[in-house]
Amino acid sequence: MSSDDTIGFALTDHFGRRVTETSFPGRHSVVFFGFTHCRTVCPRALDRLDAALDLLGEDAAAFQPLYITVDPERDDAARMRAYLDDRPRVLGLTGSPEDLEAARRAFHAFARRKPDPHEPDGYAVPHTALLFVLDDAGRRVAHLGDAATADELADVLRGVVR
Amino acid sequence: MTLTVAEFADRVEGYRREGVDALQLGHIRHIDNLSRRLPNDWSGMDSRSNGQDDFASLRYQLAYAAFALAVAHRYRLPAAPGVFKGTFDRLIQKMLLPEVWMYWRDTSSGNAVFNAHLPMESEWDPVRRDNIMYSAYVQVMSLLYAYLFEDDRYARPGALSFEHWSFSWGGEGHRFEYDQDSLNELIYWKMIESGFIGVACEPNCVFQICNQIPLLGFRLHDLLTGGRRAEEVERGYRKAWDDFGRVDAQGRYNLLVLEDSKQLLTNDASEVWGDAWAGTVLNMLNRDLVRERYPEQIRALLIGGPDDTLTIRPLSPTSLFGHSLFEDHGDFGWAAAWAAEVGDSATRDRLLRYADARLAPTWSDGGLFYPRHDASTDADGFHRLVDPLTGNALLAFARLDIPDGLWGLYHLPIEPELRRSPALVEVDPDVAVTRAFIGEEGELSATVSATGRGSGRARIGRLPRNGWVLERGGRIVARSSESTPDVLDPAVGVDGPELIVQPRTAEEGYVLHVQ
């Protein structure tokens with residue numbers, strides 16, 4: 001995947017609407033993967049994204065955060081809506097296992113269900129913790145690892161809109 | 001004991017002043033000799049197995065010969081890029097020849113012990129899917145070349161192309177175009193797709209060893225471009241393997257994980273290469289673990305040889321499913337390389353003394369190597385086998401590396417002032433350079449001699465604009481201020497912005513003082 005590649009996906013948001021890479025004209029998408037039973041990585045990523053968007057002030061409106069589930073068995077639209085209830089800026093995306101697999105492939109994202117007796121339902125889904133920024137045509141313009149701080153993420157996002 | 005970059009830099013300084021001895025020079029020359037062979041002349045490099053199947057195959061010889069050159073240049077002859085650049089480039093060109101990578105057309109089709117149950121199709125492109133046992137070495141060799149020599153030839157589109165066409169078969173042929181950036185990008189995303197556990201070598205087989213190599217590639221790419229991918233991937237890779245387990249219950253490095261079942265395969269207790277190869281390259285990124293495991297691991301793998309030497313147990317032919325398996329793994333060479341990298345000089349030296357006494361060291365065209373020998377034992381029952389990876393590349397690496405040399409390639413960037421300082425930028429093949437470093441006053445100190453008919457030349461470039469004085473044996477032979485250079489010796493010439501010296505047979509010490 002090179003920096004000028006277009007990443008296509010077709011999923012359903014947590015209000016039941018169809019969402020693709022071109023659904024947000026004039027805005028950038030900030031895409032990351034996770035699952036609502038995730039105990040550490042996802043809450044941390046969501047907190048960091050919230051903090052970064054707060055740092056952006058009015059510029060935050062230029063971004064639409066998209067949280068794509070890697071756990072279609074449990075994360076239906078209702079479950080994602082409830083999970084993201086206190087994070088109104090973020091749209092949860094789900095879909096059929098096939099559509100979600102296609103989205104993961106498009107982003108080169110890793111996710112694999114792994115038995116874990118300490119987790120609810122006896123499994124977890126370790127996954128890629130990268131965050132991708134797409135323009136409104138679906139072209140990837142940036143990506144960051146989960147080591148980046150909220151300040152660093154905010155800097156990247158500022159750079160994207162300037 | 002943790003090593004800091006500053007401590008390592010101090011260590012390097014000492015080696016730079018020492019230069020290379022006759023044996024080290026011989027290894028460098030042998031690698032150069034191999035690099036100058038005509039295309040598809042692999043004499044002295046063929047291993048016992050068919051179709052580049054084993055761990056001594058051409059790709060490993062070329063790659064670890066390049067690593068030997070890299071550590072020799074960085075730590076022993078830093079002001080002599082001209083000794084190494086052409087050789088390094090020719091090794092990369094050989095790496096791109098179909099004979100080196102065409103095994104992938106067959107290996108990718110599966111039907112091997114660990115992937116026969118998986119449906120898969122034959123693939124021509126040798127880097128697109130799996131095969132990190134080749135792609136990572138092309139990635140690292142091209143990026144090392146760019147970083148060491150500040151030459152972007154492999155950054156040009158299509159500069160790393162894998163091309164095959166035959167008059168006799170195969171239709172229109174195949175051509176797959178990459179460059180150092182696109183190949184690095186491809187491997188980066190494959191690492192991410194894998195959850196950082198790594199990319200498979202043979203389909204379904206993710207080796208811990210081979211996935212160390214692309215991390216060095218990411219680091220070099222970061223150094224060239226200002227990126228931070230190495231840090232990101234290293235963190236993910238470390239966590240992924242920590243979760244699976246780097247070492248088995250016996251304290252030996254796990255070899256590989258099967259991609260589909262996530263089953264870990266441990267090391268065969270009778271073979272040296274697993275721990276030795278893993279320990280050598282793992283030192284780059286997980287030095288503390290390597291230091292912790294090394295004493296116990298190597299104690300179990302080496303035995304005493306004659307005259308206070310060390311060696312390995314004779315290697316027995318392997319039988320699998322009723323077939324005799326003739327495969328080389330570079331066991332002896334990896335043992336020596338491992339000891340060198342972890343700084344166990346006593347063990348390295350005892351292994352090298354064994355090699356010099358019993359593995360038929362051979363000089364040819366000024367080069368030193370240990371010829372392939374297939375018999376397991378000598379008349380005394382000691383280890384005698386020499387595979388071409390050991391004989392051409394690994395013993396060279398062991399002799400040229402310094403303690404933590406690979407660690408340093410990863411962690412210690414080249415000093416900007418070294419890149420700006422005078423250097424031997426071109427060296428004819430019949431000129432020997434045994435010292436080339438930059439002194440405290442910024443002066444170039446070099447020791448050179450002619451090895452052939454005495455007509456070879458060395459070119460000193462990156463001369464300071466404010467003037468310089470060139471001395472040979474303490475006597476001024478050329479100088480320049482702001483006016484035209486003044487040449488006082490017939491063995492010295494000026495060619496544009498560079499100086500040319502024609503060494504004599506005896507070693508001569510040149511010093512170029514910066515004004």
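In chain B, 60% of the 515 residues are buried, where buried means under 20% relative accessible area, exposed means over 50%, and partly exposed lies in between (1.4 Å probe, protein chains only). Before going further, note that this is a predicted model, in which local features need pLDDT of at least 70 and side-chain atom pairs count only at pLDDT 80 or more, while totals for chains, interfaces and linings use all residues. Residues are numbered from 1 along each chain as its sequence is written, chains are lettered from A and ligands numbered from 1 in the order in which they are written, and side-chain values use heavy atoms, with hydrogens and water left out.

Let's stay with chain B for a moment. Its C-alpha trace spans about 75 × 55 × 50 Å along the principal axes. A compact globule of 515 residues would have a radius of gyration near 24 Å, and the 23 Å of chain B agrees with that. (This radius is taken over C-alpha atoms, and the globule rule is 2.2 Å times the number of residues to the power 0.38.) Chain B has 17 helices and 21 strands; helices (H or I, at least four residues) and strands (E, at least two) are DSSP runs, numbered from the N terminus. Now look at its contacts, meaning heavy atoms within 4.5 Å. Of the contacts in chain B with a separation of 6 or more, 71% are between residues 24 or more positions apart.

Next, turn to where the two chains meet. Chain A gives 15 residues to the contact and chain B gives 13 residues. Together they bury about 1100 Å², 52% of it on carbon and sulfur atoms; buried area is the accessible area (1.4 Å probe) that two parts lose on being put together, summed over both. There are two salt bridges between chain A and chain B, a salt bridge being a side-chain nitrogen of Lys or Arg within 4 Å of a carboxyl oxygen of Asp or Glu. You can find Arg140(A) in a salt bridge with Glu185(B), with the closest N and O atoms 3.4 Å apart. The side of chain A that touches chain B has six nonpolar, five polar and four charged residues. Here Ala, Val, Leu, Ile, Met, Phe, Trp, Tyr, Cys and Pro count as nonpolar, Asp, Glu, Lys and Arg as charged, and the others, Gly among them, as polar.

Asp13(A) and Arg17(A) pair up at 2.7 Å, N to O. Asp13(A) is buried at 1% relative accessibility, whereas Arg17(A) is partly exposed at 46%.

Another pair is Glu119(A) and Arg39(A), whose closest N and O atoms are 3.0 Å apart. Glu119(A) counts as buried at 12%, while Arg39(A) is exposed at 55%.

Finally, Arg89(A) and Asp54(A) form a salt bridge at 2.9 Å between the closest N and O atoms. Arg89(A) lies in the loop between helix H2 (77-83) and strand S5 (91-94), and Asp54(A) in helix H1, 35 residues apart. Both belong to a network of salt bridges that also links Asp47(A), Asp50(A) and Arg87(A).
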